[in-house]
Amino acid sequence: MSVCLFLSLLLSGMCFVVETLKFSHISLDCDLVGKDSEESKHERDILRRLQPISGHTFTVQTALQGDTTYLYSFRLCQAVTSQFPGGGLLQQNLKNNETKVIGRYNQTQLIGGSDWVMLIYNGGDVYGEHCDGERRKAIIMISCQPGVLAAGFVVVLEEREKISDCFYLFELDSYTVCPSISHQLSPGSIMLIVCFVLLFLYILGGFMYQRLIVRAKGFDQIPHLSFWRNLGNLSADGCDLICRSKPRNVPAAYRGIGDEDGNEEDDQERDEHLLPM
């Protein structure tokens, strides 16, 4: 039994080390908007929350414009391919194999809520005929999904009918943005735990004292046995007094045989008026 327990603990420790090493070599190269000294602490905290999904590539294939099919690829704070340095989200035209950078991770913005995070990659390739030739921008809306590391990467829309502030909108589900649930005990629960612990210590300590010091056997090993017996009797008497609706001394509804012998004279007196005169 002890060998199995040791092996299970060793295996758990090895798994923990592997997971730690797995994420330790992954660096988040996102460059937040602004100088290093002016970067938002809130954004850096959000970035640390998203670290478990780094190192994964998310792809989705869709047709946004007519019969042209596009393949979108996304990585967190890393380039999708070395051919496009800084390209955190790429669009590939599967018809002519042309690739555009939708957003670069060296111009990242982060906005976080209670159970969602909005990741923005700015600085993509410029539009040709739309949006007044401004640079493309990708917005990835990451929503809370308990138990899911990262899934459901989809294209929501491409907004390019405006003069400025055009963008591509994506969605992704992950548990990393879920709120942390703090488990706190109520005062009543704490009092119950303390009472149970004290009761356990009382029983264990009293049992050991009665057995080892007093040399008691059997039921006599229970600490303060006479007190608990009297307490049980008193409780039973109290329950009998309060809960019973029938009085204790109830007159008998019938007469016993002995009663008839003792009352013969009374019966004869009652029957005298029945005799003929």
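This report describes a predicted model of one protein chain, from its overall make-up to some of its individual residues.

## Overall make-up

The protein chain contains six helices and nine strands, and buried residues account for 25% of its 277 residues. Its exposed surface comes to about 19,500 Å², of which carbon and sulfur atoms supply 59%. When contacts between residues at least 6 apart in sequence are considered, 48% of them join residues at least 24 apart.

## The annotated segment

According to an unreviewed UniProt entry, residues 188–209 carry the annotation "transmembrane region".

## The nonpolar core

The largest nonpolar core consists of 32 residues, and those with the most contacts inside it are L50, F74, L89, Y121, I140 and F170. Several elements each supply at least two residues of this core, among them helix α2 (41–49) and the strands β1 (57–65), β2 (68–75) and β9 (167–174).

L89 illustrates how parts of the chain meet here: leaving aside neighbours within four places in sequence, L89 is in contact with residues including F74, Y121, I140 and F170, and also with V80, V101 and A138.

S174 is placed in strand β9, and it counts as buried because its relative accessibility is 0%, against a cut-off of under 20%. The side chain of S174 reaches the backbone oxygen of L149 at 2.5 Å. Not counting residues up to four places away in sequence, S174 touches L149 together with I53, I142, S143, C144, Q145, V148 and A150.

## Charged pairs

Side chains of opposite charge can pair when their charged atoms come close. The model has four salt bridges, and in one of these R48 pairs with D45, with the closest N and O atoms 2.3 Å apart. Because R48 and D45 are three residues apart in helix α2, about one helical turn separates them; D45 itself, at 27% relative accessibility, counts as partly exposed.

Another salt bridge joins E98 to K100, where the closest N and O atoms are 3.2 Å apart. Both partners are partly exposed, E98 with a relative accessible area of 37% and K100 with one of 25%. The side chains of R104 and D125 also meet in a salt bridge, at 3.5 Å from N to O. This pair links distant parts of the chain, since R104 lies in strand β4 (residues 99–104) while D125 lies in the loop between β6 and β7, 21 residues apart. Finally, salt bridges that share partners join K41, D45 and R48 into one network.

Methods: Residues numbered from 1 in each chain as written. Predicted model: local features only at pLDDT ≥ 70, side-chain atom pairs only at ≥ 80, totals over all residues. Heavy atoms only, no water. UniProt positions renumbered as here; feature names shortened; annotations may be inferred. Helix = DSSP H or I, 4+ residues; strand = E, 2+ residues; numbered from the N terminus. Buried < 20%, exposed > 50% of the residue type's maximum accessible area, 1.4 Å probe, protein only. Contact = heavy atoms within 4.5 Å. Areas by Shrake-Rupley, 256 points an atom, 1.4 Å probe, with all protein chains shown as cover. Core = buried A, V, L, I, M, F, W, Y, C linked by side-chain atoms within 4.5 Å. Polar contact = N/O pair within 3.5 Å; in protein donor to acceptor, adjacent residues only side chain to side chain.
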